[in-house]
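Colleague: I have the model open on my screen. Please walk me through it, pocket and sheets included.

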Amino acid sequence: MVTFVEENLTLLKNVPLCCPQCKGNLSQKEETFVCDVCKKRFPIIEGIPDFRVFGDPYLGFEDDYKRSRLIAEHAHRLDFHELLHFYWSQVPETPDPLKKKFIQTVLLSEAKGKGILKELALFSKGQVNPTQNVLEIGCGTGGFLVQAAKTFSFVVGIDIALRWLIVARKRLEGSKTKVPLICCCAEFLPFPNESFHWVVASATLEHTHEQGKVITESHRVLQNSGILFLSTPNRYSLTVEPHTYLWGVGFLPRSWMQRYVHFLKGMDYKHIRLLSYFELKKLLTPVFSKVKFSLPYIDDSLMTHLGRWRKFQVKIYLFLNKLPLFKALLLLWGPMVTVFSLKETSPRAEKRI
């Protein structure tokens with residue numbers, strides 16, 4: 001029987017890889033990848049290569065390794081749902097009421113993945129090609145990967161948190177989905193130029209260290225006419241902040257946010273940076289030749305998992321989305337912002353990058 005470790009390493013042979021820092025060629029030597037140019041070494045942990053230039057800001061390298069190994073030790077005896085609960089039982093820094101909400105969010109991620117695929121199809125006017133390559137930045141527990149693998153023949157999932165990739169592999173195993181997983185930083189992607197047709201980053205950009213670098217790296221690994229799909233919580237949303245479930249966080253000066261969240265929830269908020277419509281536009285338009293903002297598509301399969309009050313809110317949202325005036329207002333103050341950014345290699349576009 002082929003183990004995940006063996007399978008992931010086999011799948012990685014089909015993935016174009018390079019050093020995340022100098023972009024030199026990599027050679028695999030036993031449980032390590034080594035850059036042929038700068039000689040930097042990258043370990044392989046539980047079959048997952050660790051190409052991180054810096055560690056997960058929430059835990060760092062050692063604590064992430066420790067928690068990842070703990071999850072891996074229990075993964076064989078637990079199903080995916082049980083493993084999620086076990087994971088959150090090992091996270092004392094998160095309040096219990098929020099753990100329940102985060103678990104629900106993870107369980108809904110496959111339904112959300114269906115919605116993202118429909119958004120990709122709508123934007124490309126139904127011209128989604130199964131042979132296209134797809135990279136998901138911040139794949140988390142793999143909900144989108146499971147759905148994307150049903151449409152595309154080549155999908156890669158990356159995340160800065162090794163522990164989440166260990167959880168994701170349980171989901172992939174349960175659904176018999178074969179997608180290579182890689183641990184790396186979104187600001188330092190270990191892929192050569194023009195490797196992917198699509199780059200997808202859903203609810204990820206707000207967690208990254210250098211948001212502008214994430215944008216330029218996504219542009220670099222996209223092929224000509226490739227598209228970056230971004231979906232991120234709106235800083236100026238009139239709804240609750242999705243990581244803390246507090247009202248009004250985004251309307252505060254950034255220097256006040258951490259103190260406000262810590263005072264009311266006892267949580268660390270230093271590593272979350274929500275962006276507004278205008279802040280996103282400022283980041284994207286100097287890099288991509290075409291940027292289109294839209295509102296998130298909500299798939300019917302997601303609605304079936306929502307409670308009565310949440311369904312009512314979504315129905316109001318969908319109704320307002322059909323009205324031109326309110327649609328514009330939702331871009332400014334709605335809960336999420338979705339952006340499609342097109343890469344076109346031209347003298348004008350290259351000059352702006």
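Colleague: What volume does the second largest pocket have?

Modeller: First, the ground rules. This is a predicted model, where local features need pLDDT of at least 70, side-chain atom pairs count only at pLDDT 80 or more, and totals for chains, interfaces and linings use all residues. Residues are numbered from 1 along each chain as its sequence is written, and side-chain values use heavy atoms, with hydrogens and water left out. A pocket is an open set of points on a 1 Å grid over the protein atoms alone, where a 1.4 Å probe fits, with protein on both sides within 12 Å along at least five of seven lines. A volume is the space filled by probe spheres set on the points, which are joined across faces, edges and corners. For the second largest pocket that comes to about 430 Å³.

Colleague: Which residues lie nearest the centre of that second largest pocket?

Modeller: Lining residues have an atom within 4 Å of a point. Helices (H or I, at least four residues) and strands (E, at least two) are DSSP runs, numbered from the N terminus. The elements giving two or more residues to this lining are α5 (109–123), β10, α12 (308–321) and α13 (324–333). Of the 16 lining residues, those nearest the centre are L122, S294, L295, N321 and K327.

Colleague: How do the lining residues of the second largest pocket divide into nonpolar, polar and charged?

Modeller: Ala, Val, Leu, Ile, Met, Phe, Trp, Tyr, Cys and Pro count as nonpolar, Asp, Glu, Lys and Arg as charged, and the others, Gly among them, as polar. By that scheme, the lining has ten nonpolar, two polar and four charged residues.

Colleague: Which strands are the edges of the seven-stranded sheet?

Modeller: Two strands pair if DSSP finds at least two bridges between them. The seven strands form an open sheet with mixed pairing, in the order β7-β6-β5-β8-β9-β11-β10. Two of these strands pair on one side only: β7 (181–183) and β10 (290–294).

Colleague: Why is β5 largely enclosed by the rest of the structure?

Modeller: Buried means under 20% relative accessible area (1.4 Å probe, protein chains only). Both faces of β5 are covered, with N133, L135 and I137 on one side and V134 and E136 on the other. β5 is largely enclosed because its buried residues number five of the five.

Colleague: What handedness has the crossover from β5 to β6?

Modeller: β5 (residues 133–137) and β6 (residues 154–159) run parallel, paired over five bridges. V134 stands opposite V155, and L135 opposite V156. A crossover is right-handed if, with the strands pointing away from the viewer, the path from the first strand over the helix to the second runs clockwise. Here the chain passes through helix α6 (residues 143–151), and the β-α-β crossover is right-handed.

Colleague: Which residue of β8 is the bridge partner of E136?

Modeller: β5 also pairs with strand β8 (residues 196–202). The two run parallel, joined by three bridges. The partner of E136 is V200.

Colleague: Which residue of β3 stands opposite V34?

Modeller: β2 (residues 32–35) is covered on both faces, with T32 and V34 buried on one side and F33 and C35 on the other. β2 joins β3 (residues 41–45) by three antiparallel bridges. T32 partners P43, and V34 stands opposite R41.

How values were computed:
Buried means under 20% relative accessible area, exposed over 50%, partly exposed in between (1.4 Å probe, protein chains only).
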